[in-house]
Amino acid sequence: MSQNRIEQQLHARISAGGKGLLPYLTAGFPDMATTMQLIRRCDQAGCTAVEIGFPFSDSIADGPVIQDSFYRALDAGFRVDDLFEAVADIRAEVSAGLIAMVSMSLLAKRGTDAFIARAAQAGFDGLIVPDVPVDEAAQLSAEAGSAGLCNILMEAPTSSTARREWIASRSRGFLYVIASRGITGERSTVSTDLAAHLGALRSLTDTPLIVGFGISTPEHVRE
């Protein structure tokens with residue numbers, strides 16, 4: 001299977017000895033036009049990819065900042081189809097990968113195949129579905145792959161070695177490494193055992209590792 005933008009961007013950075021930065025934006029906050037402008041600005045700044053959060057009333061593992069942004073976007077009338085149309089309008093201008101961070105409930109409501117097909121048509125390159133059931137993750141990866149999308153899986157600090165191996169073997173594009181237990185949001189420090197955790201994962205897979213949750217400062221990024 002040919003590489004998509006996420007894989008191309010990450011492999012180019014790795015080959016050059018560099019790193020990748022993947023910021024998170026809530027779609028429709030404060031409005032859709034601003035979201036699209038922020039995506040353009042992230043791309044111009046050299047970000048590898050942009051995670052675009054789909055507002056959802058019952059979000060998974062999100063802290064108060066993201067929950068509030070979801071509420072405001074939904075209150076302003078956010079619609080999934082409006083996001084797809086807006087992304088399609090700017091896709092030709094943006095070289096960074098675009099990742100849909102979305103609840104499984106939104107995929108199921110539309111139909112997983114239909115959602116994936118529409119996301120690919122709009123110009124998304126990958127999915128992160130934090131609440132996908134374990135027994136459905138492999139099927140979701142297959143369906144996403146057929147549409148040319150990466151299904152990016154999340155790996156928690158509490159995962160067993162067997163669980164890490166299973167996740168790493170099914171995550172395409174990169175492996176999302178959860179840096180801290182708990183919910184998303186700013187923290188003063190990152191996990192003290194993060195380096196050892198990453199080392200253990202690197203022994204299991206060659207897939208790029210991207211760390212998220214609580215990465216709040218330039219110092220965290222340098223770590």
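Q: In what sense do β2 and strand β3 (residues 97-101) pair, and over how many bridges?
A: In this predicted model, β2 and β3 pair in the parallel sense, and five bridges connect them.

Q: Which strand do three bridges join to β2, and which residue is the bridge partner of L25?
A: That strand is β1 (residues 24-26), which runs parallel to β2, and L25 has I52 of β2 as its bridge partner. With helix α2 (residues 32-44), β1 and β2 also make up a β-α-β unit, which is right-handed.

Q: How should I read the two faces of a strand such as β2, and which residues lie on each side?
A: In a regular strand, side chains alternate between the two faces of the sheet. In β2, A49, E51 and G53 lie on one side while V50 and I52 lie on the other, and both faces are covered, with all of these residues buried. Because five of the five residues of β2 (residues 49-53) are buried, this strand is largely enclosed by the rest of the structure.

Q: In what order do the three strands of the open sheet with β7 stand?
A: The order is β6-β7-β8, with parallel pairing. Since β6 (154-155) and β8 (209-212) stand at the edges and have a single partner strand each, one side of each is left without a neighbour in the sheet.

Q: How many bridges join β6 to β7, and where does M154 stand?
A: Two bridges join β6 to β7 (residues 175-178), the two strands running parallel, and M154 stands opposite Y176 in β7.

Conventions: Residues numbered from 1 in each chain as written. Predicted model: local features only at pLDDT ≥ 70, side-chain atom pairs only at ≥ 80, totals over all residues. Heavy atoms only, no water. Pairing = 2+ DSSP bridges. Helix = DSSP H or I, 4+ residues; strand = E, 2+ residues; numbered from the N terminus. Buried < 20%, exposed > 50% of the residue type's maximum accessible area, 1.4 Å probe, protein only. Right-handed = clockwise from strand over helix to strand, strands pointing away.
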